[in-house]
Each structure stands twice: as structure tokens, then as C-alpha cells.
Amino acid sequence: MAVELSIRSDQGGLCNGKMTWFVVLSCMMAAMGGVIFGYDIGITGGVTSMEPFLEKFFPKVYRKMKEDTEISNYCKFDSQLLTSFTSSMYVAGFIASFFASSITKAFGRKPSILLGGAAFLAGAALGGAAFNVYMLIFGRVLLGVGVGFANQAVPLYLSEMAPPRYRGAINNGFQFSIGIGALSANLINYGTEKIKGGWGWRISLALAAVPATILTLGAVFLPETPNSLIQLTDDTERAKLMLQRVRGTEDVQAELDDLIKASSISKTVEHPFKNIIKRKYRPQLVMAIAIPFFQQVTGINVIAFYAPILFRTIGLGESASLMSSVVTGIVGTGSTFISMLVVDKLGRRALFIFGGVQMLVSQIMVGGIMAAQLGDHGGIGEGYAYVVLILICIYVAGFGWSWGPLGWLVPSEIFPLEIRSAGQSIVVAVSFLFTFIVAQTFLAMLCHFKSGIFFFFGGWVVVMTAFVYYLLPETKNIPIEKMDRVWREHGFWNKIVGEMDEQTKIEAA
């Protein structure tokens, strides 16, 4: 059963294909890699605001929150050990992403997804059973290895399986899955916080094993992508059969020829990490570094990791703070779903720019309210607290249909096959590196910057929106193996890669 589509791009030529159930189900299973990532992000912020969890593992923070009446509202949760619990996962993910690149290129996308699910499963078990902070953090390291492998392989898998016309929607499913995972975690935290006896946090941490088990078992049955089959085996007939099954049509010769050509080029590249720094790949390298960097300095992980703590800072109670996180989770997931519906119609650039403006306005307003209403002691009025919640929801919605999904989509679709695995590893590594930096420093920054933290991140939103406007070409509807032409047709990048093309022609002559 399939929805028939003839996929045409003005720049990319004709690619026949249907959106088949085979593709949909395969991508849904692979996107569970996003669920495990989102679940961990959501669960972390929730358990670190639960008093029994703080009392057991971070007693100094607990005493500071309960007993120190002199300490500033903004500094109650400032603890390097507490932030190490959150950020240790991202150090592990940063390191794992480089190993994942080699495995993804040498063995395919499927083994990396399988390894990611298994490592995350082990980390979930350790976290749920932890009896001291070291066991807790070691569990976080295993979770990081799992997420490092999954985040490296899943976006590539989705982009390679998707028909060009629907690549944006399918790949945005990764961020949608992250949102589903985070929302599930927020709902679970809200429920487990009410368990008497103070052990609800164990359930929250251990339930990460559920999506990890689904991903691990599902990865066993996932088909490998046609791109990867050609790269690994040189068996063009097998790749053709898979491509026909994926596209739902027998007429795949044009796309197969593109894949074979890309694979033959990729096999001439022995050291992709050395190759990616060449001038002809300069646009892709800049995007591989800039897009994940900007995604992290939107300030979204301030909301994702520390939303319950932030809401407690402005005066909401433990239960109300967790429910507020549920609300922001629903908004984020809903806005990402909207992005899936419109990204291939409106394009990447329009969503980036519109979402950037929306985030900037809401951040300035939140910072202004907190500067005017929240001092070092006492809370702010309940009305203002809920205005802040509404503004944060507007901010989360802006991220949910722009930098959230597009921060994964655009890098996964711009790399030629010969540097694709290395390029995606750089994307994941930069993402984890700056996630770690933001996570490790945010509570200290909140203590020192106070409400100015929102103006700090707002400034970065201005920079990244200007970056997209001037330097990012539109990539919608263009076949992934023909993406190199968008750089040659761009006013700025043509000066770099266009000169390389001319030099190559002269040398060939």
C-alpha cells in the first residue's frame, strides 16, 4: 500500500517514488533514537527538582534550598556536582560520536542504531538502580554513548530513506520524536513525584529502558539504506531491489545512477575527516559547525534541562513546576508536528527566520519581567509567573518549528556521500560539546547573570538568524546526491566552490 508521488525538483531533475508504508514504518522505528534522547533531556530536569533525589545524591543543594534563607533565588541550585550529573552524558556522547562515524561508514547505519539502543538500555538500568552519585553518573555516561551513536546514525538513515520531496517532513520526525520523549518524561516525572516514600525518581530513570528496548529490538529488523548498501557491498542489484522497495516503483535507474556515482567518489576518499577540510567542502564544514552550535545557544536546553528548576526559581511549587514542564513539552511537540507538515512547502529558510524572531521577542519579554519582578529574595506574583510560563511556551513553539527540527534536518541533507558520515559526526560532536558547556555552566550563569541570562541567549538568536538569512541556501525538494549545486548557485559560497570548479575544469583540460 503506498501513496504514489512523482517527485520532481526544478534543480534536481526527476526522481520517481512513492511514500510507501515500508519507508514510513522503517523511519518510525529508527526515529525511536530521538525518543531516547528526548526522554533523557526531559527526565533529567524533572528528577533534579525532586526533593528526595536531591536529598539522597546532592544533600548540599537540598540544604541550600531548604535552609539557607540568605541565598539569592537565582543561586539556590548552583552546584557543579549537580550540573555534572546532567552534563556527563554529553561528554560521553561527544567522544562516542567520533567512534560512531567509523562504524557507520564501515558497517552501515543499522549497526550504529543497534549499538546506540543497547548502550542506552544499560545506562537506564544503572540509573534506576543507583545507590550513590558515582553509579548515577556512570549510568549517564552509558546513556551518552547510546545517544552519541543514535544521533549520528538516525538523521542520516532518515534522510537517505526519504523521497526528496518529503525528506524534510520525515527527517523532522527525529525532532518530533525528541519532543515525544521529552513530553513522556515530563508526564512520568509529574506522576512519580507524588509517590510516597521518595523513590519515584527511580521509576523515572529506569523507564528510559522502554524506548531503548524498542529501538534495540527494532534495529535488528531495520533494512539498511540503499546508499549504505552501495557504499558497503558494491552489490548494485541488491541496492536496486532495496531502492525499488523503498520508493515503491520499478523506475529507479536515475536515482540508482546518482547513488553509484556518489559511492564511487566516496571510495576514493580514504580519510574523510581530512577531506572535509578541503576548500570544496567549506560550505558543508561551516554548516556542520555553525548550525549545531547555534542550536545550543538558542537557550533551549536551559528550558529542557532546567525548566522545573527555573519555574521553582520564579516561585512555583514542586508539583506546579513539573506540570508547567508538561505544558511546555506539549507545545514543543505540537509545533514540531506543524513543522513536519509545512517544511517542504515553506522551505527551511522561512522557518529558521520566523522561528528566530519569535524566540527573540519572547526571550526579551521573559528577561524583562524577571528583571522587574524577581529579586534575590521572595518570589514573583502568581500572575506574573504564569505570564512567564506563557512566554516560555511561545519561545518553545518558535524553537519547535525552526531550530529544533531544522538543526538536525539541514546538516543531514547537505553532505556528499564521501564525507557524509564524517560530517554528521562533526554535527553531533559540536552539538554535544556545546550542550555540555551550556548544561555545565547554566546554573552558575543564572546565579551571576540573573534575568540577564535571557538577554544573553537572545543576542545569539539575533546572530544565528542573520547567519541563516545571508549564508544558508534553500535545500527543499533537492535530491540528496545533487545537493552540491545549491552552493554553486549561492552568491557567497559560489566565490569559494565556484572557483574550485573552474580550477578543476582547467586541470582536466
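Contact here means heavy atoms within 4.5 Å of each other. The model is predicted: local features need pLDDT of at least 70, side-chain atom pairs count only at pLDDT 80 or more, and totals for chains, interfaces and linings use all residues. Residues are numbered from 1 along each chain as its sequence is written, and side-chain values use heavy atoms, with hydrogens and water left out.

View 1. Glutamate 160 belongs to helix α7, residues 133–161; helices (H or I, at least four residues) and strands (E, at least two) are DSSP runs numbered from the N terminus. Glutamate 160 counts as buried because its relative accessibility is 3%, where buried means under 20% relative accessible area, exposed over 50% and partly exposed in between (1.4 Å probe, protein chains only). Leaving aside residues up to four places away in sequence, glutamate 160 touches Arg109, Thr225, Asn227, Ser228, Arg247, Leu417 and Arg420.

**View 2. Helix α21 and its end.** Helix α21 spans residues 417–449 and bends by about 45° at phenylalanine 442. The bend is the angle between axes fitted to the seven residues ending at a residue and the seven starting there. Of the 33 residues in α21, 25 are buried.

**View 3. Packing of α15 against α22.** Helix α15 (residues 282–296) packs with α22 at an angle of about 145°, and their axes are 10 Å apart. Axes are lines fitted to C-alpha atoms, for helices over the stretch in contact, and angles run from 0 to 180 degrees between N-to-C directions. Val286, Met287, Ala290, Phe293 and Phe294 of α15 meet Trp460, Val463, Met464, Phe467 and Leu471 of α22. By class, this contact has ten nonpolar, no polar and no charged residues; Ala, Val, Leu, Ile, Met, Phe, Trp, Tyr, Cys and Pro count as nonpolar, Asp, Glu, Lys and Arg as charged, and the others, Gly among them, as polar.

**View 4. The largest nonpolar core.** A nonpolar core is a set of buried Ala, Val, Leu, Ile, Met, Phe, Trp, Tyr and Cys residues joined through side-chain atoms within 4.5 Å. The largest has 120 residues, and those with the most contacts inside it include Ile113 and Met287. Helix α7 gives the most to this core, with twelve residues. Isoleucine 113 touches Ala30, Ala153, Val154, Tyr157, Leu215, Ala219 and Leu222, not counting residues up to four places away in sequence.

View 5. Asparagine 477 lies in the loop between α22 (452–471) and α23 (485–488). Although asparagine 477 is not a glycine, its phi is positive, about 65°.
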